[in-house]
Structure formats: structure tokens, C-alpha cells
Amino acid sequence: PLATTLLAGTELAFRATGTGTAGAAITWSVVEPGGGTITADGVYLAPLEEGTYHVRATSSAPARSAEASVEVHRVLDPVVLASAGTISSASGHSQQTHLAFVPTTGEWWLFYDSSARPTSLLTRHSSDFRTWTEGEELILPFANSGDGRNLSVSSRRLGVVDVMHITQGALGSARTRYHVKAVATAGHLTFGAPREVNSGQGDDPDGAATLVTASGHVIDATGWIRTPSTPPLTNCGTGDIIIYESDVDDSGSTRFDNMLYHQSVLWCVSMTINARLLLESEGTVYHLCEDGGPGSDPTNVLLVTRPATGGWLPAQPAAGPPVPPAVVFAREADFDLDDWAAIDLVGRVHAVRRLRGGSFEHRIKRPGDAVAFDDGDVIPTPTATDPSRVRSGLFLGRYGTGLVLVAIFQDDTVRYTFWNGHAWSRWLGLATAANRARGYLAGATPEGETRPALLWTQQDGSDFALVGLQLP
């Protein structure tokens, strides 16, 4: 590229073309001293200092050169997106997103709950991720659950319409969850009527996740119920993995058809499912979940897939012992809801989690692999005596051609490490999370974009605010 923006310490591969230079050798260099380094193949490594630098390509015969400018950013100031009142876990965790991006209008949308308006789903929107304006408000049949972990958003452009699908936990008599469709235009949302997805059967509506696929298929992995009495999953646990799927695909129109959601029970676990993730990769839908239990040997992150041909795998027999799902990580570990994340990158699913002691684990699911996940690259580990080691909260997103992993450290700094396809960089400072209320990080990398945005919850007096930033 002739002009680009990078985070400090990240890499980008350059390519040079020209006329009359067939067979000529290309020499790469960085014009400014301390402006980064570049390999003989044109792979540029940005410095740790902010600034504008120039990469130069020089041909041997004829002698000519061209330059590209690189703007390097390091320190970013977070901004307040909205006030959540006294809701302390308003931001959810990295497996969810409360943010949606509309490519047609270039606007970000934030969906959130607030104690000030407990029967509403609230929205705000921004074109620059700095100034936020209040958007449409959806009145819910029951008060919202007051927990950001029970709210999840998925957005996609279908045809010529930008649609969003939202799952919202509520605290009605049956602890209901609702699914809502919205259509975005410049500065506005048009909501459909909230549709009840599950009754909750008296149990908490934990573990929100929703997805609208490239074909318009809508999935809502929501809540949990007691282990069903129907074979073959009878008495295999106390909670379960359940999926709700739309009976018709979203047409991508502005109409709000009467979409119905049918339930499938995929597997049972020893505890309730508290954290889920739905993502699509090369036509396959991945459902990842874990129970978040504090026991000495908690359930690993479980994986159930739905190929483009339909049906969830592993398929269960009509009789006999149930077939357990695959596990994402190589070994068990005692970790919390906000300590793992996964994302699709060019047809490969990457998963990361923090382990006890402050180390990390990176796993990769490659297309066609017989084994569900393979070991990835080593993520740097802060030393045990480092007062700034990771406290909790992870966000994993696409950035440029690689991945960025973000975490909140014990000194309340927000730091990141970048994976360039070969190795993870050392941890670098991103922002300060003053008065951090919770360790949850949430965020989104928009479809077709390479710059993620993230948010977390901070406390200001007795109120909690949603704070976020977009990477440059």
C-alpha cells in the first residue's frame, strides 16, 4: 500500500511493481532512523514509537525508487460510550458483542441495558467512535436482566439492507429471552417486535449468543434449561447446550416476518452454560461454550459445529450413550467466563485463553483437519512477579492481516499483543482503564473491516459507564 496505518510493533508485507524493471533486484529500506525495520522480502515491522515513517523500494536497473507512508499509532484514548447506571456488568465478555457496524452509512451502533430504563433496550450511534448520539429505544415486555452477559448482537448486510439481530435476556415471570430484528439506515434503527425465544423454565437466561449467517440463517444460542428427559440425552448432566434456529432465513428486506425459532438440544453438561460464542467460517457455524464453573475440574470449552449442509455435529444416536462434543483447548484449566475468546481469520478459527499462573494458550482449527484444534504459537507470559500481569478479561479480534489480543492487567492498563501469522509480539500499552469495575471485555471486528473496536465497564461514583476505543 502507498499509505497505511499500523499499531506499534505490528507487521505488514509490502510489494513493489514497475515497468521496465523485469529481472531487476528490489532493495527495501526505511527512510527514517528508528522508523522500524524491513526484511529483504519487504516485510515491515513498525517501531514502538508513534509517528509517520516511509518505506522505500529501490530497483537496480534502471535505478528508480518509490516510497510508501506508514502512520504508526500506539497510545489511544478511550471514550465514554454510554452510562449504564448501576448495572455493573454492562459490557459482557469477549464471546459477545454489543457493537455493530453498518458499512453502508459508516456508523457504529451500541446496544446496552441501563438501570435508569430497566424495561428498555437502548442504543447509541457514532460515525467516528468519539461522539455518540442517542438512538432508538425498544420497550421490552419485561424488564431486562440487568446483565450485559445476557445481551448479544449480530449484524450483516443481506442484499441491499443492513440487518441486526439481537438476543436480550429479561426477568419476567419465566425469566424469558427475546430475539429482535432491526434494520439500519443513516442515523436510525427500525425495530421489529420482540419475539419470545425461550421460557427459561425458571432458570437464568445466561449465555447469550446470536448469529446471522451469510445466507441469512438466524441462530440464537440462549439461556439454559434443566436436563431434558428425552433420549438420548437423558440424565447426562444438570444443564444443557441448546440452540434455537429460525424456521426461515432472513430475506434482507425491511419487512419483519413472523420468524419462529425451534429448539434443538445438543448436549448436556455438569453445570449451567454461562458463556457462548457463535461464529461462521467457510460455511460452517461453530458453537463454543463453557459452564464457567469454579470446580477443580471444570468443563473445557466445548465445540459443536453445523456444516453448510445443515445439522449439528456430533450427531446423537437414537439410543445408547450420547456422543460428547470436541474440546477446544488441549487440557482442562480453571478459568472464568471472560478468559477465553475465538475468531475466524481467513477460514481458520483461532482460540485463545488465559491459564492459571498468567500464561496463555493459542489454538488453531484449520479447514479439513481431523483434529478439532491444533497448538498455535506461543503468547508471551508476564512473569509471576510482574505487578502488571493480566487480571482478567480478554478480547481477540482481526487487525490488518493478523490478530490482536487485548487484556486488562492488574494495574488497570489495557494492553495488547499482535499475531502476524507467525509469532505474537510482546505486550504493549493501549489505554488505562481507570476505576475499572469489571474484568469483562467485549468488542467486534466488522464484516469486511480490519480494525476492531472494544469496550469495557468503568465506575464513576455510583454509576457504571461503558467505555471503548477503536483501533486506528
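Trainee: What should I know before I start reading?

Mentor: The model is predicted, so local features need pLDDT of at least 70 and side-chain atom pairs count only at pLDDT 80 or more, while totals for chains, interfaces and linings use all residues. Residues are numbered from 1 along each chain as its sequence is written, and side-chain values use heavy atoms, with hydrogens and water left out.

Trainee: Which peptide bond is cis here?

Mentor: General idea to begin with: most residues other than glycine have a negative phi, and most peptide bonds are trans. Here, the bond from L313 to P314 is cis, with omega near 5°. You'll find P314 in the loop between β25 (302-306) and β26 (326-327). Those strand labels are DSSP runs numbered from the N terminus (strands are E, at least two residues; helices are H or I, at least four).

Trainee: And where is E282, with its positive phi?

Mentor: E282 has a phi of about 55° although it is not a glycine, and it sits in the loop between β23 (275-281) and β24 (284-290).

Trainee: Is E282 buried or exposed?

Mentor: Exposed, because its relative accessibility is 65%. The cut-offs are under 20% relative accessible area for buried, over 50% for exposed, and partly exposed in between, with a 1.4 Å probe and protein chains only. V346 also has a positive phi, near 50°. V346 lies in the loop between β27 (340-345) and β28 (348-354), and it is exposed at 72%.

Trainee: What counts as a pocket?

Mentor: On a 1 Å grid over the protein atoms alone, a pocket is an open set of points with protein on both sides within 12 Å along at least five of seven lines; a cavity is a set where a 1.4 Å probe fits but cannot get out, and lining residues have an atom within 4 Å of a point. Here, the largest pocket has a volume of about 840 Å³, the volume being the space filled by probe spheres set on points joined across faces, edges and corners.

Trainee: Which residues line the largest pocket?

Mentor: There are 40, and L211, L278, L279, R398 and T445 lie nearest its centre. β14 gives the most, with six residues.

Trainee: How about the second largest pocket?

Mentor: It holds about 330 Å³ of space. Its lining has 19 residues, with R15, A16, T17, A57 and A66 nearest the centre. β7 gives the most to this lining, with five residues.
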